Amino acid sequence: MAIDIMTDEQNLPPDENQIIAERRAKLKALRGHGNPFPNDFEREHLAEPLGAQYEAMPKEELEALNVTVAVAGRIMLKRLMGKASFATIQDVSGRL
């Protein structure tokens, strides 16, 4: 019974050191173009004051205002319901 050595070598996973070296080379190339991990988003609003300001408004009045906000936080809960989706966002001030 003969074992094909070439086939066994081709099925081996890549060497971990080789993967790390490739990732470091990619990071070096990204750094050559500036900050590789930019964070240029600026939060304009906090969740808790927004909730307090708009929660008592009727739906029709709120839709007429067409409010645009910029909140930074974590999505703590996501509910998918067909075509509609709902999310709970939490930042340093609270949840929205």
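Predicted model: local features only at pLDDT ≥ 70, side-chain atom pairs only at ≥ 80, totals over all residues.
Me: What makes up the secondary structure of the protein, and in what pattern along the sequence?
Reply: The protein has four helices and two strands. Along the sequence they follow the pattern α-α-α-α-β-β.

Me: How much of the protein is made up of buried residues?
Reply: Of the 96 residues in the protein, 9% are buried. The accessible surface comes to about 8900 Å², and 54% of that surface belongs to carbon and sulfur atoms.

Me: Why is Thr88 called buried?
Reply: The relative accessibility of Thr88 is 15%. Buried means under 20%, so Thr88 counts as buried. This residue is in strand β2. Leaving aside neighbours within four places in sequence, Thr88 is in contact with Arg74, Ile75, Met76, Leu77, Arg79, Arg95 and Leu96.

Me: What makes the pairing of the side chains of Thr88 and Arg79 a polar contact?
Reply: A polar contact requires a pair of N or O atoms within 3.5 Å, one able to donate a hydrogen and the other to accept it. The side chains of Thr88 and Arg79 are joined at 3.4 Å, so the pair is within the cut-off and is listed as a polar contact.

Me: Why is Gln90 described as partly exposed?
Reply: Gln90 has a relative accessible area of 30%. Partly exposed covers the range between the 20% limit for buried and the 50% limit for exposed, and therefore Gln90 is partly exposed. Gln90, too, has its place in strand β2.

Me: Which residues does Gln90 touch, not counting residues up to four places away in sequence?
Reply: Gln90 touches Gly73, Arg74, Met76 and Arg95. With Arg95 there is also a polar contact between side chains, at 2.9 Å. The C-alpha atoms of Gln90 and Leu77 are separated by 9.3 Å, and these two residues are 13 residues apart along the chain.

Me: What does the side chain of Asp91 reach?
Reply: The side chain of Asp91 reaches the backbone nitrogen of Ala47 at 2.8 Å. The side chain of Asp91 also makes a polar contact with the side chain of Ser93, at 2.8 Å. Asp91 lies in the segment after β2. Not counting residues up to four places away in sequence, Asp91 touches His45, Leu46, Ala47, Val71, Ala72 and Gly73.

Me: Which residues of helix α3 are buried, and why are they said to line one face of the helix?
Reply: In α3, which spans residues 47-54, Ala47, Leu50, Gly51 and Tyr54 are buried. Seen down the axis of α3, the buried residues fall within an arc of 100°, and so they line one face of the helix. What covers them includes α4 and β2.

Me: Why does His33 count as exposed?
Reply: Exposed means over 50%. His33 has a relative accessibility of 76%, so it counts as exposed. His33 lies in the loop between α2 and α3, and its side chain reaches the backbone oxygen of Ala29 at 3.0 Å.

Me: Is Asn66 buried or exposed, and how do you know?
Reply: The relative accessibility of Asn66 is 64%. This value is over 50%, so Asn66 counts as exposed. Asn66 is in the loop between α4 and β1.

Me: What is noted about phi of Asn66?
Reply: Phi of Asn66 is near 50°, a positive value in a residue other than glycine.

Definitions and conventions:
Residues numbered from 1 in each chain as written. Heavy atoms only, no water. Buried < 20%, exposed > 50% of the residue type's maximum accessible area, 1.4 Å probe, protein only. Arc of directions from axis to C-beta. Contact = heavy atoms within 4.5 Å. Areas by Shrake-Rupley, 256 points an atom, 1.4 Å probe, with all protein chains shown as cover.
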